[in-house]
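User: I would like to learn how to read a few features of a model. Please take me through them one at a time.

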Amino acid sequence: MTDGQQRVEVLVIGAGFSGVCAGIRLDEAGVRDWLIVEKADGIGGTWWHNRYPGAACDIPSHLYSFSFEPNPDWTRLYSAQPEIRRYIERCVDTYGLRDRMRFARKLVALDWRADDGRWTARFDDGDTMDARFVINGSGGLHEPSWPRIEGMDSFAGKAMHTALWDESFDLSGAKVAVIGSAASAVQAVPELAKVAGRVTVFQRTPNYIAPRGDHAYDTSRQARYRRHPWLMQLHRWLIFMRLELTLFPIIRRPVIRSWLARAIKRHIARSIDDPVRERALTPDYEMGCKRILISDDFYETLRRDDVDLVTAPISHIQPEGVVTDDHTLHAADVLVYATGFDLGAHMRSIAITGEEGRRLSQDWADLAEAYQGVMIAGYPNYFMTTGPNTGVGTTSVVFMIEQTVGWIVKAIRATGDRHTLVVREAAQRAYNDRIQAELQKTVWASGCQSWYRRADGRIETLYPYNARAFRRQMSRLKRDDLIFRGMAGSRAT
């Protein structure tokens, strides 16, 4: 039997934090017949794909890791991409997962078979695989979002997206134009400025950028964490509660939001000594409706003589560089698109056909929604670890993944050997009505344009409550919301 025709109990999509967590928790639950398939050539997910200079996490390392696999050897408060990727690889080897992982396996379709209650998985090379359960652990922070600018294909130099970084390209002395000034840019620009001849940053909208406060963990502190794990757990808990009590309230409480916005604007004023540039970098919208960024060196980098900030809108791109609406040509050898990720493409990247031929692309044509972010009505035995409305801006996504994976493993065990599991349409509808109503009470619905909010005002990515609420929500199965069907019939139990 070829790899493409393999039959497994659980097929796991993705070898990042989600897939690795699923493999570990399935083993612990006694479900060992599973396989992880990954479209990339290695382990890491988001942290395999994103390799641009300065790539790092904006959640502190001791929280951006599994609660059950703490790491006393984190070198910094905020770890960089190579260290995070090494941590994920270490988890794979510690828990013995590597022999059940397959790489360069891009899944393109899933088809439900009602006659035997199983999924047929189809890959881009034509191979197929058979699975009873599917856990989609693929993440959204690697599919690049490209801007629509006239003449992009005409550029004569090197062009690359931060999510598709060419590590072999030498930027030494080059004139680099960075299109975008948000999360990826504030990390990449300071590193690019160290090697490039000149860096030009094209900003459409200024951001609220708070001090990062990054620092190294010295060897003595690492040694204390190894000797006294409770100290490390306390450190993690303090980070978690600080985010819960100081960052999350920004989303729901205008008074706190206003106070912190003034503090960040004072930070901008102290960091930029040119009044004109200070005005260009100061946001005029409500803080939090766009992602709040953190950096210790972005503003400092903008003060360099060899770094330019351009706020004039881009007109078009031509072979020699970028032309703005004021008819100025900004010459460039390299174009860097720091324009974020296409989360919608991620959630709809696999053609999924469920019960009675229903297609997820059609069900989600208007709005992507799921029951508690993990199941979709009409798609039995199919789970997601970071589905609709599980995104966060105020805590660790790894924490959220642990909660969803825990729920999924409970669901698989509850289904047993003789049943399939599907969520009730009414339960999914009630959950999403509540989530959408609560989202309207957050700053994300305040009206500014962001990747959080769709043109119609609805939000399909973010969770409106704090991390502790999500943990409570995912702590148990609500059996009244679920239907367990016999494999040979459709009797609900």
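Analyst: Start with a loop residue. A365 sits in the loop between α12 (360–363) and β18 (382–384). Keep in mind that this model is predicted.

User: Is A365 buried or exposed?

Analyst: Exposed means over 50% relative accessible area. A365 is exposed because its relative accessible area is 62%.

User: How far apart are A365 and R226, in sequence and in space?

Analyst: In sequence, 139 residues separate A365 from R226. In space, they are 50 Å apart, C-alpha to C-alpha.

User: Which residues of α6 are buried, and what covers them?

Analyst: Buried means under 20% relative accessible area. In α6 the buried residues are M232, H235, R236, I239, F240, M241, L243 and E244. Their cover includes α5 (219–227), α7 (249–252), α13 (397–415) and α15 (467–473).

User: How many cavities of 30 Å³ or more does the structure hold?

Analyst: Rolling a probe the size of a water molecule over the atoms shows where empty space is left. Here there are 3 cavities of 30 Å³ or more.

User: What lines the second largest cavity?

Analyst: Its lining has 13 residues. F248, V392, T394, Y463 and Y465 lie nearest the centre. By type, the lining of this second largest cavity has 7 nonpolar, 5 polar and 1 charged.

Terms used. Residues are numbered from 1 along each chain as its sequence is written. This is a predicted model: local features need pLDDT of at least 70, side-chain atom pairs count only at pLDDT 80 or more; totals for chains, interfaces and linings use all residues. Side-chain values use heavy atoms; hydrogens and water are left out. On a 1 Å grid over the protein atoms alone, a cavity is a set of points where a 1.4 Å probe fits but cannot get out, and a pocket is an open set with protein on both sides within 12 Å along at least five of seven lines; lining residues have an atom within 4 Å of a point. Grid points are joined across faces, edges and corners, and a volume is the space filled by probe spheres set on the points. Ala, Val, Leu, Ile, Met, Phe, Trp, Tyr, Cys and Pro count as nonpolar, Asp, Glu, Lys and Arg as charged, and the others, Gly among them, as polar. Buried means under 20% relative accessible area, exposed over 50%, partly exposed in between (1.4 Å probe, protein chains only). Helices (H or I, at least four residues) and strands (E, at least two) are DSSP runs, numbered from the N terminus. Contact means heavy atoms within 4.5 Å.
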